[in-house]
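Hi there,

Here is the model I promised to pass on.

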Amino acid sequence: MLAIFGPMRFNEIPGQDVIRDRLLQAVKTNRVSHALMLTGAPGSGHYALALALAQYLQCSDPKEDDACGKC
C-alpha cells in the first residue's frame, strides 16, 4: 500500500498515464469541473492522483505536465 504524507506530483504516480493525461487536458482547456470523483480499489492510485491534481491546480509556476515541486 502506498503511504502518502506530503505533496505528490504526477510523475511520481506509476501506471496512471491515461487518467493523468485526461486530467491535464482538462486543466489545459480550462474544463475542470467543480467536483471530481476519483475512485478505485485501495492502492490503485486514486488518492495520489487527487493530491497531484490539487497541487498542480494550486501551483504558482506549473510546468506543462506537472507542478513545479517547489511551492
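Let me start with the charged side chains. Arg 20 makes a salt bridge with Asp 17, with 3.1 Å between the closest N and O atoms; the term stands for a side-chain nitrogen of Lys or Arg within 4 Å of a carboxyl oxygen of Asp or Glu. Both residues sit in helix H1, 3 residues apart, or about one turn of the helix (helices are DSSP runs of H or I with at least four residues, strands are runs of E with at least two, and both are numbered from the N terminus). Arg 20 also meets Asp 21 in a salt bridge, at 3.3 Å from N to O. Asp 17 is partly exposed, with a relative accessible area of 41%, and Asp 21 is partly exposed at 41% too (buried is under 20%, exposed over 50%, partly exposed in between, with a 1.4 Å probe and protein chains only).

Elsewhere, Lys 63 pairs with Asp 61 in a salt bridge whose closest N and O atoms are 3.1 Å apart. Through shared partners, salt bridges join Asp 17, Arg 20 and Asp 21 into one network. The total count by this rule is 4 salt bridges.

A word on how to read all this: the model is predicted, so local features need pLDDT of at least 70 and side-chain atom pairs count only at pLDDT 80 or more, while totals for chains, interfaces and linings use all residues. Residues are numbered from 1 along each chain as its sequence is written, and side-chain values use heavy atoms, with hydrogens and water left out.

Now the cysteines. How many disulfides does a search of the whole structure find? The search gives 0, taking a disulfide as a pair of cysteine sulfur atoms within 2.5 Å. Cys 59 is in none, and its nearest cysteine sulfur, in Cys 68, is 3.4 Å away, which is too far for a bond. Cys 59 is buried, with a relative accessible area of 9%, and Cys 68 is buried at 14%.

Finally, Gln 16 lies in the segment before H1. Its side chain reaches the backbone oxygen of Ser 44 at 2.5 Å. Leaving out residues up to four places away in sequence, Gln 16 touches Ser 44, Gly 45 and Leu 49, where contact means heavy atoms within 4.5 Å.

Best wishes

Notes. Polar contact = N/O pair within 3.5 Å; in protein donor to acceptor, adjacent residues only side chain to side chain.
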